[in-house]
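Dear colleague,

I am handing over the structure we spoke about, and I would be grateful if you could look through it alongside the notes that follow.

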Amino acid sequence: MKILVVEDDRKVAGFIEQGLKEEGYVVDIAADGEEATTLAHVYEYDVILLDVVLPKKNGFQVCREIKTYEP
């Protein structure tokens with residue numbers, strides 16, 4: 001299972017990433033809304049853990065863009 005974690009706090013993101021990887025998941029990290037949108041358009045994720053308060057684009061904007069994206 002491939003998971004995208006979108007979190008701007010590096011310590012929190014690292015903690016989540018470590019725990020998920022220990023459980024056998026493949027994890028990518030995005031530190032801001034723009035990076036999250038780009039990764040979600042390029043790769044296919046089973047789950048996206050999305051923070052709401054992010055730099056560049058907030059989590060609601062990211063969610064809307066991902067939902068309406070058609071390649």
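Is Lys21 buried, partly exposed or exposed? With a relative accessible area of 44%, Lys21 is partly exposed; please bear in mind that this is a predicted model, so that each value here is computed from it.

Lys21 forms a salt bridge with Glu17, the closest N and O atoms being 3.1 Å apart, and Glu17 is likewise partly exposed, with a relative accessible area of 21%. The two residues sit four apart in helix 1 (residues 10-22), which means that about one helical turn separates them.

That pair belongs to a set of four salt bridges in the structure. Side chains of opposite charge can pair when their charged atoms come close.

Another of these pairs joins Asp28 to Lys2, where the closest N and O atoms are 3.7 Å apart. Lys2 is partly exposed, its relative accessible area being 23%.

A further salt bridge brings together the side chains of Lys57 and Glu65, at 2.7 Å from N to O. Here Lys57 is buried, since its relative accessible area of 18% falls under the 20% cut-off, whereas Glu65, at 30% relative accessibility, counts as partly exposed.

Terms used
Residues are numbered from 1 along each chain as its sequence is written. This is a predicted model: local features need pLDDT of at least 70, side-chain atom pairs count only at pLDDT 80 or more; totals for chains, interfaces and linings use all residues. Side-chain values use heavy atoms; hydrogens and water are left out. Buried means under 20% relative accessible area, exposed over 50%, partly exposed in between (1.4 Å probe, protein chains only).
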